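Trainee: Could you walk me through this structure, please? I would like to learn how to read it.

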Amino acid sequence: MNLTIDTTGPAAPVDTSKAYRISGAGGRVLAQVSGGSATTSLAAATGSGLDAWTFASNGDGSYRIANSATGHLLGVSSASTATRAWGTRPTATAAGPGGPDVGRQWFVVRGTSPADGAATGTYRLVNRYSGLVIGLSADSGRLAETTPARSWTDTTGSPVGGARTAAEQTLTLTPVARAPETVTVGSPGDRSTLLNAAVSLRLEAVDSLGKPLTFGATGLPAGLGISAAGLITGTPTAAGTSTVTVTASSGTASGSTTFTWAVTASFDGVHTLTAAGKALDNPDHGTTAGTRLITWTPTGGANQRWTFTRRSDGAYELKNAESGLCADVEGGSTGAGARVIQWTCTGAANQRWSSPGGPTAPTPSPPRRADWS
C-alpha cells in the first residue's frame, strides 16, 4: 500500500480547552437528559451545560467526550457485545476507577467531499468499542443512537434501514464556551491490609485539559505515604481504620476521592481457641485422621494448641500442634451441625476458617463454622 501524507493538520481539529455543541445536519442537538444518564437530541440548543460537550485526548488519536454540566462521559457499555448492535443509545456516565473504558472513547472523523476530498467542516463520531457512529434524529424512538456509518439515505422502507439518513450522522461541532477544567480521581474502593505487610497501590486521575497532576493524601494509616505520581507505598505500623482522602491537582484545578483503609493484625501463630470457657481439643492426644474434635477444660496442652496460617483468600488453616492434622468440616458439608474433625491438611475450602471480627481479604471465601460448645 502506498500512502501520501499531504497535511500536518490534526486528524480532528477540536480544541480541548473549549466546550462544543454537537449538532446533526437537521439541526438536532446532542444533550444529556437532566437527572439521568440517558442522552437525547433536542430541536434547538438550550444554552445549558447539558447540551455542551468537551473533548479530552487519550493520547492515541481517540478522545473522551464529557458533558459540560455533569462531567460524565459519552459512550456505550463495553460490558456486553449487545451494545455493538445498531440502535444502541449512548449514555453519559461517570468514568470508572481505571479511567474511561473503550466504550467511552471516540474517534472524530473529518467529513470530506466525494468530489475532491476537501474538508466539509462536518464530522462523524465513531465509538471505539462498537465501531458505530452517533446519529441524531427527530424520531422519538431514536433521538440519539449509534448506527453503522452510511453515505446515503434509505428510502426503501425496509425495517433494516429504518429510514435513517446520512444527514443524521453528519455532525457539526460549534464552540460555545471555554471548557471548565475538572480533575477526576478514580476510587480504589475501601482497602483492607494486614499489619506490618508491605503496601503498593497506584491511584489514577484525569485532568479534563490534559494537564499533569500532582497527588497528595490525608488520613493514610501510619507507615504509609503517597508519591507525587500517586503511588501509595509503605508498611502499616498500627492497627485501626482510617478515612483516607487522595487529592490530585494541576495547580489550577483539583479533584479528590475518599475511602476507608482498615489495618488489622494477623492471626498467624499458635493459639488456643475457647468458647464458653472451654478449649477446642484434640481428644486423648489423638493422631488419627478422622478424630472428632471436642471442647474441654483448658489445660495448655499441645492437643489444645492450634497453628494459624493465613491463606491468600484471607481465611486461616488451623493445624493441631500435637497431631499435625488440620481442623476440617467432615465431608465438606455446608449443613448446620456438621462434624468438625482433624484430617490431613489439604488446603481445601472445608479446612479454611475466618472470623467476622478478624482480618479479612478484600474477597474472602465464605466462612465455614461448626458448633464447638
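Mentor: Let's talk about the cores and the disulfide.
Mentor: This is a predicted model, where local features need pLDDT of at least 70 and side-chain atom pairs count only at pLDDT 80 or more, while totals for chains, interfaces and linings use all residues. Residues are numbered from 1 along each chain as its sequence is written, and side-chain values use heavy atoms, without hydrogens and water.

Trainee: How many residues are in the largest nonpolar core?
Mentor: A nonpolar core is a set of buried Ala, Val, Leu, Ile, Met, Phe, Trp, Tyr and Cys residues joined through side-chain atoms within 4.5 Å. Buried means under 20% relative accessible area, exposed over 50%, and partly exposed in between (1.4 Å probe, protein chains only). Ile 22, Phe 55 and Ile 134 are among the members that touch the most others, in a core whose residues number 19.

Trainee: Which cysteine is joined to Cys 326 by a disulfide?
Mentor: A disulfide is a pair of cysteine sulfur atoms within 2.5 Å. The whole structure has 1 disulfide. Its S to S distance is 2.0 Å, and the partner of Cys 326 is Cys 345.

Trainee: What is the handedness of the link of Cys 326 and Cys 345?
Mentor: Look along the S-S bond, where the angle is 95°. The link of Cys 326 and Cys 345 is right-handed.
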